[in-house]
Amino acid sequence: DLLKMTVTRIPTTLVVAAAAALLSVLIASVAALQQQPRAFSRREFVTTAGGAVPSISSAAVITAAAASTIIGTPFPAAAAYVDPTRAPLEVTKRAFLDVQIGDDDSKPGRIVIGLYGEAMPRVVDNFATLAKSNSYAGTNFYRVISGMSVQGGAIGDSMKGRRGKSAFGDGEPFEPDNYNILHSKEGLVSAVRTADGKCDSRFFIQTTDDGGWADDRYAVFGIVEDGM
């Protein structure tokens with residue numbers, strides 16, 4: 001009864017005014033959410049199960065790298081996710097890595113990577129600059145995870161892969177352009193993250209079509225076009 005009496009004593013004009021204010025706040029919040037891009041939506045890092053990483057009996061060493069530019073149609077600005085299997089992205093540059101398997105004298109194999117320069121300009125600029133300057137020469141593919149990825153490009157820490165050096169400044173890590181591109185296709189190339197979510201020289205090549213574990217966590221910036 002006390003509650004009922006208290007409620008009935010609130011003037012109707014105050015109730016209407018409060019409801020109108022609340023409604024305006026909700027409308028503004030919805031509008032803000034609709035305008036906010038999803039480019040930097042992030043999930044907490046989840047450690048994959050499986051224990052120790054398998055050892056590599058024969059080191060895969062990058063012996064040479066280079067990059068070239070392709071003039072193409074600009075990629076439209078996107079705030080939503082992009083699935084490369086349904087909407088192929090524009091390749092604006094290509095880079096190659098010559099990879100030597102083991103210590104024998106066999107001819108290195110060449111991996112050609114198409115780079116998504118319009119969708120990921122900063123990450124692509126970093127990778128292309130490092131490739132063009134041959135900065136990847138002598139680095140290893142330091143980690144191979146069966147059915148998932150091969151990782152390389154750790155300039156300055158080639159064997160353990162705990163750090164790398166970007167093409168910017170004195171090699172400082174940098175924020176990726178976005179996380180919009182889904183890991184839905186074998187051969188996609190993504191930037192490896194530092195502990196605070198930034199990029200340096202390290203990258204990984206996806207070896208299976210189902211790479212959903214990497215969505216929202218790693219930035220795709222290209223795809224292997226030849227040499228997979």
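Which side chain meets R110 in a salt bridge? D98 does, at 2.7 Å from N to O. This is a predicted model, where local features need pLDDT of at least 70, side-chain atom pairs count only at pLDDT 80 or more, and totals for chains, interfaces and linings use all residues. Residues are numbered from 1 along each chain as its sequence is written, and side-chain values use heavy atoms, with hydrogens and water left out.

**Salt bridge count**
- A salt bridge here is a side-chain nitrogen of Lys or Arg within 4 Å of a carboxyl oxygen of Asp or Glu.
- That rule gives 6 salt bridges.

**R110 and D98**
- R110 and D98 pair through their side chains.
- R110 lies in strand 3 (residues 109-115) and D98 in strand 2 (residues 93-101), so the pair ties together parts that are 12 residues apart in sequence.
- Strands are DSSP runs (E, at least two residues), numbered from the N terminus.
- D98 is buried at 12% relative accessibility, while R110 is partly exposed at 43%.
- Buried means under 20% relative accessible area, exposed over 50%, and partly exposed in between (1.4 Å probe, protein chains only).

- D157 and R162 form a salt bridge at 3.7 Å, N to O.
- D157 is buried, with 10% relative accessibility.
- R162 is exposed, with a relative accessible area of 57%.
- A network of salt bridges links D157, R162 and R163.

**R86 and D83**
- R86 forms a salt bridge with D83, and their closest N and O atoms are 3.9 Å apart.
- R86 is exposed, at 75% relative accessible area.

Notes: Helices (H or I, at least four residues) and strands (E, at least two) are DSSP runs, numbered from the N terminus.
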